[in-house]
Amino acid sequence: MSKSILILYKSKTGFTKKYADMIAEETGGTAMDFKEGTPELLSSFDRVLLGSRMHAGRIEGLPKVRRLFLKSSVRLSALFVTGAMPNTERKTIEEMWKNNLNREELSFLPHFYLQSGLCYEKMNFTDKAMMKVFSFMLKRKNNKTPDEIGFAEAIAHSYDISSREYLGPLLKHLSEN
């Protein structure tokens with residue numbers, strides 16, 4: 001694979017950085033925090049990938065990234081998003097893409113969801129509080145579905161379900177294009 005790949009990432013709890021580092025290792029590319037990205041830097045690479053987290057149904061930092069790419073001479077080669085939701089939640093993941101990407105991006109921008117986890121230790125107070133309130137509401141709900149029971153158990157504590165194996169489709173895309 002080309003050594004002129006930049007993996008630009010925005011990571012709050014470490015999962016997106018973990019995946020960016022894995023991608024850099026697999027491709028010989030360079031992983032770099034989004035804060036360091038400039039239009040000139042992006043333009044010096046053949047391909048640029050963006051990694052960010054899913055936060056409250058939104059791809060964090062996507063509007064800023066769009067503006068950054070408009071000022072560079074390179075276009076976004078692929079997008080990967082990390083989140084605590086298992087990869088098996090296809091319907092929810094498809095809705096997330098539809099709610100965050102415009103029609104052109106949905107059609108032409110390769111996008112990949114990589115399950116990761118939750119890290120309460122690195123969350124800010126507001127995010128922790130929101131998760132605890134949601135967890136409390138789920139616990140108190142009567143007649144929970146099996147999915148709700150599983151979700152309530154999953155968000156009760158920190159966990160890491162990220163894995164190198166989930167990079168397969170993204171790495172395949174990079175090697176074929």
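The largest pocket of this predicted model is lined by 41 residues, and those nearest its centre are Ala84, Met85, Leu118, Met131 and Phe151. A pocket here is an open set of points on a 1 Å grid over the protein atoms alone, with protein on both sides within 12 Å along at least five of seven lines, and lining residues have an atom within 4 Å of a point. Two or more residues each are given to this lining by α1 (15-27), β3 (47-55), β5 (76-83), α4 (90-100), β7 (117-118), α6 and α7. These labels follow DSSP runs numbered from the N terminus, helices being H or I of at least four residues and strands E of at least two. The volume of the largest pocket is about 1,000 Å³, counted as the space filled by probe spheres set on the points. Its lining comprises 20 nonpolar, 13 polar and eight charged residues.

The second largest pocket holds about 370 Å³. Among its 13 lining residues, Arg75, Leu76, Glu104, Glu105 and Leu109 are closest to the centre. Helices α3 (62-70) and α5 (103-108) each give two or more residues to the lining, and α3 supplies the largest share, with five.

Now to the helices themselves. Helix α6 (residues 125-140) packs with helix α7 (residues 146-154) at an angle of about 140°, their axes lying 9 Å apart. Axes are lines fitted to C-alpha atoms, for helices over the stretch in contact, and angles between N-to-C directions run from 0 to 180 degrees. The pair is therefore oblique, a word for angles other than those under 35 degrees, over 145 or from 65 to 115. The crossing of α6 and α7 is left-handed, meaning that the near helix is turned anticlockwise from the far one by less than a right angle (clockwise would be right-handed). Phe134, Ser135 and Leu138 of α6 touch Glu148, Phe151 and Ala152 of α7, where contact means heavy atoms within 4.5 Å.

A second pair is formed by α1 and helix α8 (residues 168-176), whose axes come within 11 Å and cross at roughly 40°. That angle makes α1 oblique to α8. This crossing is right-handed. Ile23, Glu26 and Thr27 of α1 meet Leu170, Leu171 and Leu174 of α8.

Residues are numbered from 1 along each chain as its sequence is written, and side-chain values use heavy atoms, with hydrogens and water left out. Local features need pLDDT of at least 70 and side-chain atom pairs count only at pLDDT 80 or more, while totals for chains, interfaces and linings use all residues.

Definitions and conventions
On a 1 Å grid over the protein atoms alone, a cavity is a set of points where a 1.4 Å probe fits but cannot get out, and a pocket is an open set with protein on both sides within 12 Å along at least five of seven lines; lining residues have an atom within 4 Å of a point. Ala, Val, Leu, Ile, Met, Phe, Trp, Tyr, Cys and Pro count as nonpolar, Asp, Glu, Lys and Arg as charged, and the others, Gly among them, as polar.
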